[in-house]
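This briefing covers the fold, the core and a few backbone details of one model. Please read it beside the structure.

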Amino acid sequence: MRFAVVSFPGSNCDDDCVRVLTEVFGQTAFKVRHDEHDLRAPDAILLPGGFSFGDYLRCGAIARFSPIMAEVQAFAARGGPVVGICNGFQILTEAGLLPGALRRNAGLSFICEDAYIGVEGRETPLTRGVQGQVLRIPIAHNEGNYFADTETLTALEAEGRVIFRYVAPDGRRTAEANPNGAANDIAGICNAAGNVVGLMPHPERCAEALLGNTDGRRLFESLLAGEAQR
Amino acid sequence: MKGRITVQLRPAILDAEGKAIARALGSLGFGEPAVRVGRVFEVDLGADFGGDAEAARARLTEMAQKLLANPVMETFTIDVSTGTGGAP
């Protein structure tokens, strides 16, 4: 399977994504620069974490106007799988590929810690067969406080488009389990078609035993299994 | 022609930073004011638009809608000045 990992100035998880896909899963993965116009025919696109364009203005607000984003938009419109992790999620909301916005954490602090993430909702390329599981995945962000108006939240819930939620280790929803004030404990969502997915946690940082946690592997395995079925 | 675009969180949205500042003001003896934090963009349009303030306002509005504000969570106001001196 061919993965395009988009590098913006300030992206810093692009190499991590490429490493996991190539070294752990033996796939083809390559970086595509923000100012390129050709994604080089991938089967899926990853928008990685980091601080694109210094997070100036708003996280993702400048990256979304990068030349390559027109290609990402077209790829998504054709139904291709697009996954945005952390800053990638922020870019997808700014680009209008996903609804809502990621605001500054309610506690006003950058948070870098493991979070427990309940996988639920409809089937997406990243979560197929993983629904119902609770994964321990690191988060590292200052703006992960998901916000959308009530109407949008209601629609997301009704359509099963909340696919990742901050939960307690046993899977229950508690106020303490929500690290950043995100509406409805939302850690990740998908678009109406289900092919565009955004999440704040970093599965690429927990996909190798050497790092002490392999929970992130299950999401990548879902991505690969889905392609095999197509 | 200069413009000043002020971007703020929508009134219905909790402004955690504003609340923290309000608490700090309270601890300094300023009572308990309500504080909302915003951001100001001063845009110098140079000689564009001559003295046409409405055309300048339209351009500034377009800038705010497209890039400077995120309509999901923010609103903006625009002031236009024809002066060549400092900020409007």
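A nonpolar core is a set of buried Ala, Val, Leu, Ile, Met, Phe, Trp, Tyr and Cys residues joined through side-chain atoms within 4.5 Å. Buried means under 20% relative accessible area, exposed over 50%, and partly exposed in between, with a 1.4 Å probe and protein chains only. The largest such core here has 68 residues, and A:Leu46, A:Tyr146 and A:Phe164 have the most contacts inside it.

The model is predicted: local features need pLDDT of at least 70, side-chain atom pairs count only at pLDDT 80 or more, and totals for chains, interfaces and linings use all residues. Residues are numbered from 1 along each chain as its sequence is written, chains are lettered from A and ligands numbered from 1 in the order in which they are written, and side-chain values use heavy atoms, with hydrogens and water left out.

- Helices (H or I, at least four residues) and strands (E, at least two) are DSSP runs, numbered from the N terminus.
- Neighbours within four places in sequence aside, A:Leu46 is in contact (heavy atoms within 4.5 Å) with residues including A:Phe3, A:Val5, A:Cys17, A:Leu21, A:Val83, A:Phe220 and A:Leu223.
- A second, separate core of 14 residues includes B:Met1, B:Val43, B:Ala56 and B:Leu68.
- In soluble globular proteins, nonpolar side chains tend to be buried together.

**Chain A overall**

- Chain A has five helices and 11 strands.
- Its radius of gyration, taken over C-alpha atoms, is 16 Å, close to the 17 Å that the globule rule (2.2 Å times the number of residues to the power 0.38) gives for 230 residues, so chain A is as compact as a globular protein of that length.
- The C-alpha trace of chain A spans about 45 × 35 × 35 Å along its principal axes.
- Of the 230 residues of chain A, 58% count as buried.
- Among contacts in chain A with a separation of 6 or more, 75% come from residues 24 or more positions apart.

**Sheet**

- Nine strands of chain A form an open sheet with mixed pairing, in the order 2-1-3-4-11-10-9-6-7. Two strands pair if DSSP finds at least two bridges between them.
- Strand 2 (28-33) and strand 7 (134-141) of chain A stand at the edges with a single partner strand each, so one side of each has no neighbour in the sheet.
- Strand 6 (residues 111-119) and strand 7 of chain A pair in the antiparallel sense over eight bridges; A:Gly118 stands opposite A:Val134 in strand 7 of chain A.

**Helices on the sheet**

- Helix 3 (residues 87-94) of chain A lies across strand 3, strand 4, strand 10 (186-190) and strand 11 (196-199) of chain A, at about 120° to strand 4 of chain A. Axes are lines fitted to C-alpha atoms, for helices over the stretch in contact, and angles run from 0 to 180 degrees between N-to-C directions.
- Helix 3 of chain A is mostly covered, with eight of its eight residues buried.
- A:Gly96 follows helix 3 of chain A and has a positive phi, near 80°.

- Most residues other than glycine have a negative phi, and most peptide bonds are trans.
- A:Ala41 has a positive phi, near 50°; A:Ala41 lies in the loop between strand 2 and strand 3 of chain A and counts as exposed at 60% relative accessibility.
- A:Leu57 has a positive phi, near 70°; A:Leu57 lies in the loop between strand 3 and helix 2 of chain A and counts as buried at 14% relative accessibility.
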